[in-house]
Every structure is written in C-alpha cells, then in structure tokens.
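Okay, everyone, thanks for coming. Let me put the structure up, and then I'll walk you through a few parts of it.

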Amino acid sequence: MPIDRISHLIAPVPAENQNQNQRPSFFHTFARFLCSNLGLVIVVIAYSIGGAFLFILLEQYIELQNCQQASLTENVSVSNISETMFSYVTITSEDTTIIYEQIADYLDNFTNDVYDRKNNFRYSGQDCDTTSGWSFPSALLFTITIITSIGYGHITPVSWEGQITCICYALIGIPIFLLCLANISSILGDMFRFIYSTSLHFMCCCCRIYMRSRYRKRRLRGENSFNQQKIGYVGTGSVDPHWPEANRQYDGDKLSDDEYDIDDEIDQEMDDIWNRMESRVPILAVLIIIIGYIFFGAFIFNRFEGWTMVESVYFCYITLSTIGFGDYVPGITSSSTSGLRFVAACLYIIIGLAVLAMCIDLIKESIVEKLEWVAHKLGVIKEDENLIDDEYTRYANFQYARRHDKNGSYDEPPAYDDTSVGRPWSKDVKDRYDSPRNFQCKQDINTINNKH
C-alpha cells in the first residue's frame, strides 16, 4: 500500500493547539481593554497617581534643601539686623528723626531679603521638617492641572529633571485625557438624552391621556345637549344609509369608542410633537446644567475653604474654563482636612470638565440643526430629493423622448463610454443611486449598459 510521504512526515496538529493559536493573545486583549471607555478612565487615574509619586520623588528632596537653606539665611539675617539696630540705637547720638530713617532703611532691606527668599527658595517661614508643598494630595492636584491644561501654578518643579519630566508628562498626558474626556462626554450625553427623552415621553403620555378624556367629555356634552330625551335610535329611511349619522347609536350618556375613534388622531398629533421635541435637547436645559454644576461646586468650596460665594463661583468658572489663574487654590491652607480638600478639588475638576464637554456637544448639535434649518429656508442647502445628477436628468430626457416618438421607434442610448456628449453620461450611475426611489431607474440603466 503506498504511503503518503507528505502526510506521513508532517505530524498532525492537535486540536488544542489549533484552539490556542486562534485565541487572541494577552497583549491584544489588554490593548483592546485599554482602548475601551473604562480602560481609558483607569489609564488616566493611574497616570495621574503615578505622576504624583514621580514628581514627589524628583522635587521633594530639592524642596527640603531649599527650605533649610532659606531658613538658615533668614536666621542669619534676623540676627544681623537685630545687632545692627541695637548697636546703632545705643551708640549713636544723632537726632531721633535720623535714627527712625535709618531703622526704616534696615527694615526695608530685611523685607527685600524676605521677598527674595520667597521667590528664590519658595520659603515663607514654614517648618521644613513637617510642611511640604509636594505632599501626595498637592502633587496629585498638580498632575491633574497639567493634563487638563489648567495650570494653577501653586507648585512648580524647580530642578531641571523635574522640568524636563513635566514637559514629557504633559505631551503624553494631555492627548490621553482629551481622548478620555471625549468618550466620557459622549456617554454622559447619551445618558442625558435618554433621561430627557424618557421624562418627555412620560409627560407626553400624561398629556395624551388628558387630551383624550377632555375630548370625550366635550363630545359627550355636545351629544347630550343634542339628544336630551336620551332616545336610542338608528338612522331611518329618511336618512341616507351611506351617511355616517345613519350608523350612530345613542345609548344614554355612554358613547362607543368605535363611534368616535379619535385616539389615532390624538396619537398622531402627540407623536408629531414628541418627535420635534425629542430630536434635540434645548439649549436652556444645557445652560441650566452648567450653571447648576458651577453653583454646586461654589457651595462645596464655600463650606470647605471659607471663601465667599462670589469667590467660589469665580474659582469654579475659572477652573472649568481651564483658565486657571491660580489666585484661588483649594487645600493650600494648613489644616487637618487639606488632603481631603485637594482630593475633592481633583474630582470636581475631572467630572466638571466631562460635564462641560457634554454640554458643549449638546449645544453644538442644537446650533447646527438651527443653522441647517435657516440654510434650507434660504435655499443655500437643497433637499436630498432635489439633488439630481446630470446623468439622471439626461437619462430621464431620453426616456421621455423614447415614449413620445411618433413613429414608435427611438434611437438607442449612447454607449457606456461614449464621450460625444462631453463625458461618459452613465458612468458611476450604479454607485450614485442607492436609495429605494431610484431602484427602478438603476435597473433600467443597467439593462441598457448590458445591451451595449
């Protein structure tokens, strides 16, 4: 019996190995998860937390060195000015006015030294061992203000390593956050549209029930006044049997739904109203959401930070608009709740930017719809059924001429690639007419092209 050498030499692949080869690798599964909405949110959170630890590692030690150096310089400056002023006051015999002027000069120099230490070393008299600007909540707020492009400026890297890292961190983080923000705003927009349409549908159902009952009561009142004796009758011979009145039956105050079937009419009217209102979210509702979120944050910061309502509203607006002046920063005052206030500010910023992006998308849709309506009214944009190609027009004219030929004969249409009319008249007609209303026209064109 002959042996198939090829099948004999190649070992059969087990079914388990084939299934393993068909399964996606862990890398592809993990990459697909990171590209999902939940994956992008996790990436942004992990990127912010990792960046906070990275900047703490790079900047906290430099901050401690600068703080200790500035504290030592301050102590030396205070000691020098104290000795100088004491010696000058006890030894000099000048006029009191001259002494006051000299002391004022000493104090001015000391004040300038204080400002120099604040600008150069970021030192304002804090305890270097227990107070640090690069705590984890503060560093987390710093990384969030980088990727959101707000940039309060309450803390900044001073080492060259930290500055270069900040540049690279922003180059990578800002696009990731914008992509995540776009996805979150899209989800929030769909949720808001669903809530708005559901509430609107509920209101329309209530209005529909109310209109039905009101219309029936009105018709009952009219029929009762017409038939006061409440006589049940059917149309007689004096009434044309084809008239609707010939088939109406009255039975006291009760009217049959089959007689006055107005439900379809009311449903159609309410559906028209429903479709017009459901197609877009009104701009007023979107503006109410923005104003409400700003005042919600203002109330929170008024309670936590001790700011006035005007200052809180100002901070929320400047933050959500990504202006970020940095004149008001939550959590910078030393207290036991500083970390909690930093975290609350971070959550408010991220959620607020997503809500603001959702509102901007909804406003954009409403404005685009209004502009399209104006353009249609002005004739700038034509309706779809009015957009007819030259090829379709030429084909229609040919069909008209063929049907109205007196001799019963007609000329054959030009070939597919005939350029005598200036260009191939039926080129790409199949790709241009895909709607159901042009289906028969496409069949005719294909039939003519096949003949030639």
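**Helices, a disulfide and some cysteines**

So let's start with a pair of helices: α9, residues 283-305, packs with α11, residues 338-378, at an angle of about 170°, and their axes are 9 Å apart. That angle makes α9 roughly antiparallel to α11, since anything over 145 degrees gets that label. And what sits in the contact of α9 with α11, by residue type? We've got 19 nonpolar residues, three polar and two charged. Before I go on, please keep in mind that this is a predicted model.

Now, on to what the record says. UniProt, in an unreviewed entry, puts the feature "transmembrane region" at residues 33-58, 134-155, 167-188, 194-211, 281-301 and 342-363. Let me pick out two of those. Take residues 167-188: in the model that span is 100% helix and 0% strand, with its end C-alpha atoms 31 Å apart. Then there's 342-363, where the chain is 100% helix and 0% strand, and the end C-alpha atoms are 31 Å apart.

Cys67 is in helix α4, residues 37-91, while Cys128 is in the loop between α5 and α6, so the bond ties together parts that are 61 residues apart in sequence. If you look along the S-S bond of Cys67 and Cys128, the torsion is about -85°, so we call this disulfide left-handed. Are these two cysteines buried or exposed? Cys67 is buried, and Cys128 is buried too.

While we're in that area, have a look at Ser124, which is in the loop between α5 (96-121) and α6 (136-147). The C-alpha atoms of Ser124 and Cys67 are separated by 8.9 Å, though the two residues are 57 apart along the chain. Ser124 has 56% relative accessibility, so it counts as exposed.

What about other cysteines? Cys35 is exposed, with a relative accessible area of 62%. Cys168 is partly exposed, at 41%.

Key: Residues are numbered from 1 along each chain as its sequence is written. This is a predicted model: local features need pLDDT of at least 70, side-chain atom pairs count only at pLDDT 80 or more; totals for chains, interfaces and linings use all residues. Side-chain values use heavy atoms; hydrogens and water are left out. Axes are lines fitted to C-alpha atoms, for helices over the stretch in contact, and angles run from 0 to 180 degrees between N-to-C directions. Helices (H or I, at least four residues) and strands (E, at least two) are DSSP runs, numbered from the N terminus. Angles under 35 degrees count as roughly parallel, over 145 as roughly antiparallel, 65 to 115 as roughly perpendicular and the rest as oblique. Ala, Val, Leu, Ile, Met, Phe, Trp, Tyr, Cys and Pro count as nonpolar, Asp, Glu, Lys and Arg as charged, and the others, Gly among them, as polar. Buried means under 20% relative accessible area, exposed over 50%, partly exposed in between (1.4 Å probe, protein chains only). UniProt positions are given in the numbering used here, feature names are shortened, and annotations may be inferred rather than shown by experiment. A disulfide is a pair of cysteine sulfur atoms within 2.5 Å.
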